[in-house]
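Hello,

Here is the structure I promised to pass on. Have a look at it first, and my notes follow below.

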Amino acid sequence: MEAVLTQHLDPAAPLGLEAYRAVGGYRSLAAAFDLKSEAIIKTVEAANLRGRGGAGFPCGLKWRLRGVDAAKPRYLVCNLDESEPGTFKDRHLLYGGPHQIIEAVIVAAYALQAERAFIFVRGEYAKGGNGLKRALKEAEAAGLVGANIGGSGFDLQIDVHLSAGRYICGEETAQINAIEGRRPNPRPKLPRASVKGLWGQPTTTNDVETLVNVPHILLNGADWFRDLGVNGGCGPKLFGVSGKVQHPGLFELPTGTTARELIFDHAGGLAEGRSLLGFLPGGASTSFLLPEHLDVPMDFDPVAKAGSRLGTGGIIVLDDTTCPVAVTLNLMRFFARESCGFCTPCRDGLPYLAQILAAIAAGEGQAQDLALLEELCEKIAPQSFCAFAPGAVMPLTSSLQCFREHYAQHIATGRCPFSKANEGGA
Ligand SMILES: Cc1cc2nc3c(=O)[nH]c(=O)nc-3n(C[C@H](O)[C@H](O)[C@H](O)COP(=O)(O)O)c2cc1C
Ligand code: SF4
């Protein structure tokens, strides 16, 4: 598949407005303005564009459910928070080509008839956020953003919001609080943000990778987009591969590409003599998969069927020298630190999980710890206020299942069986 989303990206020298236009940039605006918003939504639905922010919710359906009669003003939020460990795709879009993002936001805002859009950028991506602000100024000066864009009668204000920097700010209702200048706790599920979001008005949130697909769908059609996928997937997907591979990196490939192809053909496979222990398919808050899952197409439904989530498509690889207890502890420490603290099961439960895991990793675990960890995970996930905690316990629950014997060995021998293998940076 030829690159679509990354075709004109260059983090070292992102295209300015004129250069971007010279390669066809902003052409989708005219295509969009020729259509009514219903026709755009229909095309996005027909393309089967699934949200790339983690849950894979169909983008066209989300836009349709917002409703044509939604109150005004309406808002669009482009989510570029990307704080999920093992995930580095949105960053590439930001640093590599800010105008592609602005074009996508204009088209999506037009489809939703939203008069104001926010691009919420991870705090650590400040340099990229400032580049985006500069690109936005160029677009405004050229009449591509602002009042009566291109004589279409459509008005749009875009603001770039740099996050203060917490993982929970990626959750869409916490993000809404952050944009409003409040403490970023998630909001209750009801009323939905699509009805009462920013300042009590209808608000639609999409991941930036989801949105940058839309101009290409409008220009090339829904069938073209569907045909780009393989093994039942639709469209291009940005996959990251990190961990114990020879060439970690970001790869734009058809949705539905197998994990085997990603890890062995594109990321260079494992170091010589090593074998695969397992992998997280979509960032830290997904469940581990095993070598037997290498031929699962990396698409939302097949990965769910295999017992995990495609999540962000950021694959983290463990080989036979990686201690899965240490990896899981590392992730649990991250989640314990990033809990927003609003509800007790998550705020107090995650540090407790990390504490028990730390003891096991240090060879000080007790035989009953594994059952205790499982019981706590079962209780914490459903009793927490938002989707953060269920995601946080996923790697632990699955690690206890997939790598049980490693945990048992730590407890039985009072030491990490990998400590020798890891000496010398192996
Ligand atoms: C704890 C947490 C963190 C999240 N972080 C992000 C994020 O960084 N980027 C993102 O697009 N979605 C993130 N999400 C999902 C968003 O809440 C939302 O579902 C998504 O932005 C919708 O976009 P999509 O439909 O295009 O996938 C997060 C969800 C949770 C629970
Ligand atoms: S589950 Fe965690 S992140 Fe979500 S509201 Fe509760 S404390 Fe905050």
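The phi of Y26 is near 70°, a positive value in a residue other than glycine.

Some ground rules before the rest. This is a predicted model, in which local features need pLDDT of at least 70 and side-chain atom pairs count only at pLDDT 80 or more, while totals for chains, interfaces and linings use all residues. Residues are numbered from 1 along each chain as its sequence is written, chains are lettered from A and ligands numbered from 1 in the order in which they are written, and side-chain values use heavy atoms, leaving out hydrogens and water.

Now the domains. An automatic or database domain assignment divides the chain into domain 1 (17–228), domain 2 (236–319) and domain 3 (324–425). The C-alpha centres of domain 1 and domain 3 lie 36 Å apart, and their contact (heavy atoms within 4.5 Å) takes 12 residues from domain 1 and 9 residues from domain 3. Together they bury about 970 Å², 67% of it on carbon and sulfur atoms; this is the accessible area (1.4 Å probe) that two parts lose on being put together, summed over both. On the domain 1 side, R166, Y167 and P186 lose the most area to domain 3, together 44% of what that side buries.

R166 also takes part in a salt bridge with E338, the closest N and O atoms being 3.0 Å apart. A salt bridge here is a side-chain nitrogen of Lys or Arg within 4 Å of a carboxyl oxygen of Asp or Glu. Between domain 1 and domain 3 the count is 1 salt bridge.

By this rule the salt bridges come to 20. Among them is R64 with E38, whose closest N and O atoms are 3.2 Å apart. R64 lies in helix 4 (residues 59–66) and E38 in helix 3 (residues 37–47), so this pair ties together parts that are 26 residues apart in sequence.

Two cis peptide bonds may interest you too. One joins K72 and P73, with omega about 0°, and P73 is in the loop between helix 4 and strand 1 (75–80). Another joins L190 and P191, with omega about -5°; P191 is in the loop between helix 8 (172–179) and strand 4 (203–207).

Best wishes

Note on methods:
Helix = DSSP H or I, 4+ residues; strand = E, 2+ residues; numbered from the N terminus.
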